[in-house]
Amino acid sequence: MSRPVTIIGGGLAGLTLGIGLRQCGVPVAIYESGDYPRHRVCGEFISGHGHTVLERLGLLPEFEKAGAVYARTAMFISDGARSPVRKLSSPALCLSRFKMDALLAGIFRQLGGQLQVRSRWSADHCGEGVVSATGRRLQSSENESRWFGVKAHVVSGGAVNLEADLEMHRMPDGYVGVNRINDGQVNVCGLFKARPDKHRPESKMEWLMGQTGSSLRERLRNAPFEPESFCSVAGIQLKPRRAAANNECRIGDALTMTPPVTGNGMSMAFESAEIALGPVAAYGVGQISWNEARRQIATRCNAVFSRRLAWARILQWMMVAPSVQASLGKHLLRSTWLWEFMFGRTR
């Protein structure tokens, strides 16, 4: 008889692991505090090995049927300087979280998984047979500069004249990614640092629109936003964590979060779910203990993600450090070698 597995959090990592386990015949219950469909602060840009995970689990055709589009080009813009429009080494898959989470939840249920929505895990910790996939770890300190994210969609047919499928716009206190997604919509998603000693825009939407006179402001000047798509999250913790440092079994952003500028966060969620799938399934059928499953997952996650996260921190610093932008910004944007090097190292 199979041992049941409980997953806390029904986001990308939790649902993907749940689907994989159900494909193996393991009984799974997922507890999710929210509901579906829903909008989430997310770049909605799957770039990296996540494609192959989706393909191996048989999910890629379902994403394409749901209207996912492929991004093939990208460019960076900063203080009037801009990179060339560059071709991505492999296309990125773009689908709104509004559709994606609901799609994965539906597949999980079709496979016989038990999905408890609007339901929080009541225990104080995650013990045997429990996987934490609860999403972003929030920063608790009120005295430090705090990262927060904002997202909204431009409605289908909105006047956003993008030069590339993905544009990354740097601003003094963060950056905004603008990319095409399903159904003719455009996703506008930003990460910002709220500093206690600096004046802030009147609203989070003003953060998202960019500074007066900027390329981003010009792009979005006449863009009709979908009001229901606006969402934000504060206190994002970007400091990487090693899986072995956790006593719990964690995957996705509950394990560690890569800076959004890499465009690799969604891929890491899918990858961590696949890394966990083999050991958790082996536990489910009684082949290994839970401690051994957790150890295997932590070891593999460290091996796969540690170097990627280290380079991601460097890229994040390059994007937000005023000293780097003032002296080297234009040269860095135009460097094809740097683009190829950092793109490869953060995947």
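This is a predicted model: local features need pLDDT of at least 70, side-chain atom pairs count only at pLDDT 80 or more; totals for chains, interfaces and linings use all residues.
**Entry 1: Asp-183**

Asp-183 is partly exposed, with a relative accessible area of 45%. On this scale buried means under 20% relative accessible area, exposed means over 50%, and partly exposed lies in between (1.4 Å probe, protein chains only). Asp-183 has a positive phi near 60 degrees and is a residue other than glycine. I found Asp-183 in the loop between strand 10 (174-180) and strand 11 (186-194). For such names, helices (H or I, at least four residues) and strands (E, at least two) are DSSP runs, numbered from the N terminus.

I noted the conventions. Residues are numbered from 1 along each chain as its sequence is written, and side-chain values use heavy atoms, with hydrogens and water left out. Local features need pLDDT of at least 70, side-chain atom pairs count only at pLDDT 80 or more, and totals for chains, interfaces and linings use all residues.

**Entry 2: the loop between strand 2 and helix 2**

I then turned to Glu-44, which is in the loop between strand 2 and helix 2. Glu-44 is not a glycine, yet its phi is positive, at about 55 degrees. Is Glu-44 buried or exposed? Its relative accessibility is 0%, so Glu-44 counts as buried.

Pro-37 is also placed in the loop between strand 2 and helix 2 (50-56). I recorded a cis peptide bond from Tyr-36 to Pro-37, with omega near -10 degrees.

**Entry 3: the sheet**

I traced an open sheet of 5 strands in the order 6-2-1-7-13, with parallel pairing. Strands of a sheet pair through backbone hydrogen bonds, either parallel or antiparallel. Two strands count as paired if DSSP finds at least two bridges between them.

Which strands stand at the edges? They are strand 6 and strand 13 (249-250); each has a single partner strand, so one side of each is left without a neighbour in the sheet.

Axes are lines fitted to C-alpha atoms, for helices over the stretch in contact, and angles run from 0 to 180 degrees between N-to-C directions. Contact means heavy atoms within 4.5 Å.

I also compared the faces of strand 6 (residues 114-117): Leu-115 and Val-117 form the covered face, and Gln-114 and Gln-116 the uncovered one. In a regular strand the side chains alternate between the two faces of the sheet.

**Entry 4: helix 7 and helix 8**

I examined helix 7 (residues 265-284) and helix 8 (residues 290-320), whose axes come within 8 Å and cross at roughly 160 degrees. That makes helix 7 roughly antiparallel to helix 8, a term for angles over 145 degrees. Among the residues that meet are Met-268, Ile-275 and Tyr-283 in helix 7, and Trp-290, Ile-297 and Phe-305 in helix 8.

**Entry 5: the chain as a whole**

I counted 10 helices and 13 strands in the protein chain. Buried residues make up 55% of its 347 residues. Of the contacts in the protein chain with a separation of 6 or more, 74% are between residues 24 or more positions apart.

Definitions and conventions:
Angles under 35 degrees count as roughly parallel, over 145 as roughly antiparallel, 65 to 115 as roughly perpendicular and the rest as oblique.
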